[in-house]
Amino acid sequence: MRRFLPGRRHSGVRAPGTQAPAPQGAHPQPPDTQAPGTSAPPPPPHPTPRADALHRALHHTLRYIRSAPGTYLWLAALFVTTVAMHHMSPEFETEFLRQRSTNIHELSTNPLRVLIASAFWIDGGSWLPYAVLYTVFHAQAERWLGTLRWLIIAFGTHVTATFISEGALLWAIRHGYAPQSAVNTLDVGVSYALAGVVAVLTYRIAPPYRHLYLLGVLVIYGAPLLSGRTFTDVGHFTSVLIGLACYPLTRGQGGAPWNPADTLRAAARRLSRPRRAAR
């Protein structure tokens, strides 16, 4: 009978109840610590379709905002000033805005200050419509032209249209068509810059839809000029003409013009895919 001495290595035979040694170079397996009768923890739940759609929508929204930083920084500033204005008394608000107004008196004393300050205040109303308009027009123009060219067009239109409209008002005052008190009229807002950007987007659209868009712009901004003939109507229509004159800044920008028909066809194909899959 063979005897097994302690501490001595014997091949091919192991004591009862012991496990075979792991091969050389193999990683040892951890012991199973799961208690008898218990199950493994369930895997983390998958996001629901609604949560997944919400995540995608948020991702696309943030990406869109980052693609037009100037537009949304300006819009954020307008939100802050609009909230501040809603906490002012009516008397204080009127005087406060008049000091930041591009009227004849302020333009003759502090032109640079009021030209900049007036672009960050809204004369009454709600901020939300401006958020929609800035997203539809300003953001599209900035994404197409780049921040610098967009800013040149927007601010250049704001400044030029302001001087032309206030010059028309000064002519009306001197010839008796407007009262002398009009030199202190309230004139703040961002509508001149918006009108110029709306007009320059004409060149972003492919023919023949470009001509239909231009016709709509001329009707929207030209009709008040024919009926009301206020100095702001002059400023808005002047802004449109300035925006159209900025065509040289649009050359070679943004690739091929946008074709609305192609966009509608692509949207129709996306909407038809779930229906086909459900059949």
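Trainee: How many aromatic pairs does the structure hold?
Mentor: Eight. Keep in mind that this is a predicted model.

Trainee: How are Trp-74 and Tyr-134 arranged as an aromatic pair?
Mentor: Edge-to-face. The centres are 5.2 Å apart, with 75 degrees between the planes.

Trainee: Which helices does that pair tie together?
Mentor: Trp-74 lies in helix 2 and Tyr-134 in helix 6, so the pair links parts 60 residues apart in sequence.

Trainee: Are Trp-74 and Tyr-134 buried or exposed?
Mentor: Both Trp-74 and Tyr-134 are buried.

Trainee: What else is Trp-74 in contact with?
Mentor: Leaving aside neighbours within four places in sequence, the contacts of Trp-74 include Ala-119, Phe-120, His-138 and Val-190.

Trainee: Now the largest nonpolar core. Which residues touch the most other members?
Mentor: Trp-74 and Val-240, out of 32 residues. Helices 2, 6, 7, 8, 9 and 10 each supply at least two residues of this core. Another core, of 11 residues, lies apart from it; Ile-173 and Phe-231 are among its members.

Trainee: Back to rings. How do Tyr-64 and Tyr-72 pair?
Mentor: Edge-to-face, at 6.4 Å centre to centre and 70 degrees between the planes. Tyr-72 is buried, with a relative accessible area of 14%.

Trainee: What lies over the face of Phe-96?
Mentor: Arg-100, at 3.6 Å from the ring centre.

Trainee: New topic. Where is the cis peptide bond?
Mentor: It joins Pro-207 and Pro-208, with omega about 0 degrees. Pro-208 sits in the loop between helix 8 and helix 9. Most peptide bonds are trans.

Technical notes. Residues are numbered from 1 along each chain as its sequence is written. This is a predicted model: local features need pLDDT of at least 70, side-chain atom pairs count only at pLDDT 80 or more; totals for chains, interfaces and linings use all residues. Side-chain values use heavy atoms; hydrogens and water are left out. Helices (H or I, at least four residues) and strands (E, at least two) are DSSP runs, numbered from the N terminus. A nonpolar core is a set of buried Ala, Val, Leu, Ile, Met, Phe, Trp, Tyr and Cys residues joined through side-chain atoms within 4.5 Å. Buried means under 20% relative accessible area, exposed over 50%, partly exposed in between (1.4 Å probe, protein chains only). Contact means heavy atoms within 4.5 Å. Rings of Phe, Tyr and Trp (its six-membered ring) pair if their centres lie within 6.5 Å; planes under 30 degrees apart count as stacked, over 60 as edge-to-face and the rest as tilted. A charge sits over a ring if NZ of Lys or CZ of Arg is within 6 Å of the ring centre and within 35 degrees of the ring normal.
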